[in-house]
Amino acid sequence: MAQFYSPKRRVTTRQNSPVLTLTVDNLDPFGQGVAHHNGKAIFVPGVLPGEQAEVQLTEEKNKFAKGRLKRLLSRSPQRVEPRCPHFGVCGGCQQQHADESLQQQSKAAALVRMIARETGVTPQQEPVIAGPQYGYRRRARLGLLWQPKQQRLVMGFRQAASSDLVPVTQCPVLHPELEQLLTPLRACLSALQVARRLGHVELVLADNGPVLVLRHLDALKEDDRQALQAFARTKNVTIYLAPDSDSLEKLCGETPYYQVDGLRLDFSPRDFIQVNDHVNQQMVAQALEWLSIQPNDRVLDLFCGMGNFTLPLARRAAAVVGIEGVATLVANGQYNAHNNRLNNASFFHENLEEDVEQQPWAAQGFDKVMLDPARAGAAGVMSHIVKLAPERVVYVSCNPTTLARDSKVLLSAGYRLARVRMLDMFPHTGHLESMALFINGSAPEVAAK
């Protein structure tokens, strides 16, 4: 998620601040309306471009201020009715009041502005890679809290800007197979003897059905185990038990898997997988096209996870090397390569923030590089990518700030930024995902599709 202002600067809270009448002229990626007053940007949640509103300032910094909506004076034609009854209280979504085109347009424009400001290169805006706006999430974690006075178990998501739980009975962004579990699951957990000592529950939708991970703080008695198994049979759910943050016990069900590019990837429910399957399928296909893999290519996949890109690349290249810092993901990548009979894919467990020059893969030659780092970006490895001098680099990013920073290393080395596309991986939220193609020297550019 991009940061458009520094939270470390001095904050002045306005007491009894006046109410301003403002017209919003822009929408930031977080779904906040942006207005201007006396030369200062004012961020107001809940107001869309073109709308006029009465706004009370709540915070002021040197270059911007924050306000809260008191009264909406006009309505934008792009304002829509949120589908979720919890919208505005639950902290999961910020933009359900804006239509799809406005959300995507504001994020894509913000991405281009940030890259242009940081690198001096203004990418051409391209169609957004998107899927369904609702029912897209195949993973969610819900908090569990026993309320002794009410003698009930609360299951829900965190409230916006708070650690309080919002009891959730519906979640339209969840895949329907997961959403329909919410009410019966809370009833099942409430009836357990250990209901007062539960931490959270994770829901994951694998291609072979829903998966549930229950974090319990006390040991489960046999009656509770049987109750969970009965729930699993009724709802066709695989259940894992997590007595602590490191342990995982499969109580019942099948090993979960998902498919990409015709490959089956088995995974543990705690493994990282992309939340939005529709966008993931398109993202992998776009990366394969941009890299233009040839049969003799050697490809390096950095921050590879358990092979979401590595294994599709291995179907086309002579050899692919995946580097990942989480040992369990490396093991799963190796397992999935073997299961898919991809003997040309190898995985290394390495920390890419350390001195990569001494790592065993670093001396090998590569024609193409793929990387998909976490929010912190790939600062530790960018200079080595330049030394490898691959023909093409595809960078998938969940933070445009670090993408822009890391891009400057490639641009300074003579690469050109050939393509950029926004990924609408998390509709209705402030997450801004993207992917970029860099081409070395005078290599031909990929034609846009």
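**Stop 1: His86.** Select His86 and show its neighbours. Leaving out residues up to four places away in sequence, His86 touches Val166, Pro167, Val168, Thr169 and Gln170. Contact here means heavy atoms within 4.5 Å. His86 sits in the loop between E7 and helix H1 (100-119). Helices (H or I, at least four residues) and strands (E, at least two) are DSSP runs, numbered from the N terminus. Buried or exposed? His86 counts as buried, at 13% relative accessibility. The terms are buried for under 20% relative accessible area, exposed for over 50%, and partly exposed in between (1.4 Å probe, protein chains only).

The model is predicted: local features need pLDDT of at least 70, side-chain atom pairs count only at pLDDT 80 or more, and totals for chains, interfaces and linings use all residues. Residues are numbered from 1 along each chain as its sequence is written, and side-chain values use heavy atoms, with hydrogens and water left out.

**Stop 2: Lys66.** Go to strand E7 (residues 64-72), where Lys66 lies. Lys66 is partly exposed, with a relative accessible area of 26%. Lys66 and Arg152 are 86 residues apart in sequence and 37 Å apart in space, C-alpha to C-alpha.

**Stop 3: Val19.** Pick Val19 in strand E2 (residues 19-23). Val19 counts as partly exposed, at 40% relative accessibility. Which residues does Val19 touch, not counting residues up to four places away in sequence? They are Glu54, Val55, Gln56 and Lys70. Then select His37. Between Val19 and His37 there are 12 Å in space, C-alpha to C-alpha, and the two are 18 residues apart in sequence.

**Stop 4: the H3 and H4 pair.** Two packed helices are described by the angle between their axes and the distance between the axes. Select helix H3 (residues 182-190) and helix H4 (residues 222-235): they pack at an angle of about 165°, with their axes 10 Å apart. That makes H3 roughly antiparallel to H4. Axes are lines fitted to C-alpha atoms, for helices over the stretch in contact, and angles run from 0 to 180 degrees between N-to-C directions. Angles under 35 degrees count as roughly parallel, over 145 as roughly antiparallel, 65 to 115 as roughly perpendicular and the rest as oblique.

H3 passes H4 in a right-handed crossing. For the term, look at the near helix: turned clockwise from the far one by less than a right angle it is right-handed, and anticlockwise it is left-handed. Show side chains next. H3 makes the contact with Pro184, Leu185, Cys188 and Leu189, and H4 with Ala227, Leu228, Phe231 and Lys235. By class, the contact has seven nonpolar residues, no polar and one charged. Ala, Val, Leu, Ile, Met, Phe, Trp, Tyr, Cys and Pro count as nonpolar, Asp, Glu, Lys and Arg as charged, and the others, Gly among them, as polar.

Centre on Leu214. Not counting residues up to four places away in sequence, Leu214 touches Leu144, Leu189, Leu192, Leu198, His200, Val201, Leu228, Tyr240, Leu241 and Ala242.

**Stop 5: H8 and H9.** Select helix H8 (residues 379-388) and helix H9 (residues 400-412). Their axes come within 9 Å and cross at roughly 20°. H8 and H9 are therefore roughly parallel to each other. Their crossing is right-handed. On H8 the contact residues are Ala379, Met382, Ser383, Ile385 and Val386; on H9 they are Arg405, Asp406, Val409 and Leu410. This contact has six nonpolar, one polar and two charged residues.

Which residues of H8 are buried? Select Val381, Met382, His384, Ile385 and Leu388. Their cover includes strand E17 (298-302), strand E20 (368-371), strand E21 (392-397), H9 and E22. Just after H8, Ala389 takes a positive phi of about 55°.

**Stop 6: two loops.** Asp261 is in the loop between strand E15 (257-260) and strand E16 (263-266). Its phi is near 55°, a positive value in a residue other than glycine. Finish at His428, in the loop between strand E22 (415-423) and strand E23 (433-440). Phi of His428 is positive too, near 75°. His428 counts as buried, at 3% relative accessibility.
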